[in-house]
Structure formats: C-alpha cells, structure tokens
Amino acid sequence: MTALTRLALGNRAVVVLATLITIGLGVFCAGALRQELIPSLTIPGATIVSTYPGAAPEAVEREVTERIETAVQGVTGVTQVDSTSATNVSQVTAQWEYGENRSEMESKIRTAVDGIKAQLPSDVEPQLLVGTFDEVPIVYVAVSSDLPAPQLAATLKSVGIPKLSQLEGVRSADLSGEEVRQVTITTRQADLDRLEVDPSQLQQVLPMYTAPIPAGDITEAGKDDNVQVGKTLTSVDDVKAIQLQGTDGPVSLGDVADVVDAPVEQTTISRVNGAPSLALSVTKNQDANTVTVAKEVREALDDISAEIGSNTKFTTIFDQAPLIEQSIHDLTVEGGLGLVMAILVILVFLWAIRPT
C-alpha cells in the first residue's frame, strides 16, 4: 500500500470534503461558462470595399484597387493582400497573423487607406469591414402582419427595434426586406433644348436642398437665435418645383424632367408560408450569453407582437439557443452514462459495494 493510499484511508473525512469541494467548484464553473454555438473567434483579416459608380473593371483596378493595395501592403503586420475588381466595385482583403491586436491592425489599415484618399476618384469612399463570428445573428425571425408592409416596417423601427436594442446583451437589431423608395429624375432632352436649360445645373442645385444652411444669428430681446436658410425636399412636388436657369428666365424642374417616386429594386425578399414578410435579425455583444439573450429576445418579441396588434406574428427562422441547449443536454446525458458505466465496471471487477 503506497503512502498516498495510507494517507487517504487515514483521513477519509478530509478526502470526502476535498471531493465535495471539487465537485461543487466544477458545477459552479460549468454554470458560469458562456453558452455559445460558435466560439468567439476573431478572423485575422479585413476587407476594404469601394464603390466606383459607372466604372469598368479595368478602370476600377487601375484607379482604385491598385492604389489601395499598395497602401495596405505597406502596413506593418499585414502578411497577405488579395483583391477583386468588378464593374463599379473594388474589394481588397488584408490578412495578418493570429495573435495580432485586431483594433490596432484595423486602426493602421484605416490610417493607410485615409492617407491615399486624395489619390482616389472624388466619388469613391472606401469602407473598412472587419468580421468576427460574434456578428452572426443569434436570432433571425420573419415578421408578418395585417398591416401594409411600409406601415409595419415603420412600426417595427419605432417600437420593436428600440425595445430589442435596449435588452441587456443585445448589440443590434436590424430589419431587412422592407420596401425602399427613391425619387428618380429623368430629363426630357426636347424640353431642355426648347427652354435652353443646361442639365448640369442639377449637380449644383440638388445638394443645396439636402439640409438647411446656417445663415448667422439674430439677437432679439436679449436672446440669440440661430438662423437657417433653405429647406429640405419632402415630396415629389417639392422636387418638381426646383428652379433651374433657362435663357429666358427660371424654369421649374418639372417642365424639363419627369420626377417619379418609385420603389428601389429589392435585393432581399422575405416570405412566410408564401406570403411577403419582413426579416428581423438580432446580434449580441461579444461577452453576452447567447442562451440568456435569446430567451430575453423571445420574451420581448411576444410583448412587441401584442403591442403592435393587427395579427402581427414573429416566426423563428433561426435561433442558436435550442441548438446550444440540446448540445448541453446531450453532453449531460453522455456524462451521466459514463459515470454509471464506470461505477458498474468497478463494481464488477471488485465485486464489493463498499470499496466501489
């Protein structure tokens, strides 16, 4: 009998106490662990996406991609740079080694890209995208209602999304599949020639209506008030009423162009049981527990559905929580079976209950 065995047999109460403490500590630690479907892994890479409207792939590569590539290749820590140039779009991907600080690398790449903006075409604005698995939505639902789609989207933005965003652990709630409208201006060349209007005036006039312009201060009764001039465009009629300069005097935009308010071509479509719907996705903070946050989101969706009314329903398309809970359940069952089988094997070999 070894010294360790004699020590254990001579101090049975201490051994039992140490065993119970170990088991209790293990149970506590297991309960404190975050429950995740995908590990919180940061991908060592970033993508710079630039839109160059109306440019062919060759022009995109020559005037945008090559210049961004050169800037990114000079960043310390970047190990590989790949690029893709297509009509209207440039995409440059930079990679670095695991272990590098993501925030520092993102800052250095952003600084490098900002440094060559003056060399890029004036209408090109590069966007830096850094991805992690934490950006995968934990809950994805389809929203259907008796309300018209535009009204439902507006209600979700004013009621649903703010409530979801306020939940502890929720980083963002995003709506997709909604109809987006835009005002399209199509000039009529015959009227432009007849009224002798230069269409290039639109490029100078339209930006003036994007926001009121500060025009100074007025002091009245000892109180200073800010003064703004101009107005924003709120309707199609406002756009038609924009004044352009013709040879014989001012000309309304509606006299030389067709102004139409129409929906933008949709890039995403959401349906539930064949009926059109909207899609709502929720992502969590990096340090939040997926199962806990998903449960809070489901409870909040029930409250939001009741508040909106009009037979509004949230149909779950994807939810990480049940998958995680099922995995934990399976792990618990397998662990319990392993424990029982270990005891049975020892009992069969020793054929005595007390030492087992």
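This is a predicted model: local features need pLDDT of at least 70, side-chain atom pairs count only at pLDDT 80 or more; totals for chains, interfaces and linings use all residues.
With which side chain does the side chain of Asp-319 make a polar contact? The partner is the side chain of Arg-298, at 2.7 Å.

Asp-319 belongs to strand β15, which spans residues 313-319. Its relative accessibility is 11%, so Asp-319 counts as buried, the limit for that class being under 20%. When residues up to four places away in sequence are left out, Asp-319 touches Ile-138, Val-139, Ala-294 and Arg-298.

The pairing of Asp-319 with Arg-298 is also a salt bridge, with an N to O distance of 2.7 Å. This pair links distant parts of the chain, since Asp-319 is in strand β15 and Arg-298 is in helix α9, 21 residues apart. The two partners fall into separate accessibility classes: Asp-319 is buried at 11%, whereas Arg-298 is partly exposed with a relative accessible area of 30%.

How many salt bridges does the structure hold? The count is 11. In general terms, side chains of opposite charge can pair when their charged atoms come close.

Arg-188 takes part in a salt bridge with Asp-191, in which the closest N and O atoms are 2.5 Å apart. Arg-188 is partly exposed, its relative accessible area being 24%, while Asp-191 is buried at 15%. Arg-188 also meets Asp-258 in a salt bridge, again described by an N to O distance of 2.5 Å. Arg-188 lies in the loop between β7 (181-187) and α6 (189-195), and Asp-258 lies in strand β12 (residues 257-263), so this pair ties together parts that are 70 residues apart in sequence. Asp-258 counts as partly exposed, with a relative accessibility of 38%.

Salt bridges with shared partners join Arg-188, Asp-191, Arg-194 and Asp-258 into one network.

## Helix α5

Where is the kink in helix α5 centred? Helix α5, residues 149-165, has a kink of about 45 degrees centred on Leu-156. Leu-156 is itself among the buried residues of α5, a set that also contains Leu-152, Ala-153, Thr-155, Val-159, Gly-160, Ile-161 and Leu-164. An α-helix has 3.6 residues a turn, so residues three or four places apart point the same way.

The buried residues of α5 pack against strands β5 (139-144), β6 (170-176), β14 (275-284) and β15, and against helix α9 (290-308).

## Helices α3 and α4

Helix α3, residues 57-73, bends by about 35 degrees at Thr-65. Thr-65 is one of the buried residues of α3, together with Ala-59, Val-60, Val-64, Ile-68, Glu-69, Ala-71 and Val-72. The cover over these buried residues includes strands β1 (45-51), β2 (78-86) and β3 (89-96), as well as helix α4 (102-115).

Ala-112 is located in helix α4 and is buried, with a relative accessible area of 18%. Leaving aside residues up to four places away in sequence, Ala-112 touches Ala-71 and Val-75; of these, Ala-71 is a buried residue of α3. The C-alpha atom of Ala-112 is separated by 47 Å from that of Asp-303, a residue 191 places away along the chain.

## Positive phi values and the surface patch

Asn-88, in the loop between β2 and β3, has a positive phi near 75 degrees although it is a residue other than glycine. Asn-88 counts as partly exposed, at 27% relative accessibility.

Trp-351 is another non-glycine residue with a positive phi, in this case about 50 degrees. Trp-351 is found in the segment after α10 (320-350). Is Trp-351 buried or exposed? With a relative accessible area of 72%, Trp-351 is exposed, the threshold for that class being over 50%. Trp-351 also belongs to a nonpolar surface patch with Val-345, Ile-346, Val-348, Phe-349 and Leu-350. Together, the residues of this patch have about 720 Å² of accessible area.

Definitions and conventions. Residues are numbered from 1 along each chain as its sequence is written. Side-chain values use heavy atoms; hydrogens and water are left out. Patches are made of residues with over 30% relative accessible area and no salt bridge: like charges are joined within 9 Å, nonpolar side chains (Val, Leu, Ile, Met, Phe, Trp, Tyr) within 5 Å. Accessible areas come from the Shrake-Rupley method with a 1.4 Å probe; for residues, only the protein chains shown count as cover. A salt bridge is a side-chain nitrogen of Lys or Arg within 4 Å of a carboxyl oxygen of Asp or Glu. Helices (H or I, at least four residues) and strands (E, at least two) are DSSP runs, numbered from the N terminus. Buried means under 20% relative accessible area, exposed over 50%, partly exposed in between (1.4 Å probe, protein chains only). A polar contact is a pair of N or O atoms within 3.5 Å; within protein, one must be able to donate a hydrogen and the other to accept it, and residues adjacent in sequence count only if both atoms are side-chain atoms. Contact means heavy atoms within 4.5 Å. The bend at a residue is the angle between axes fitted to the seven residues ending there and the seven starting there.
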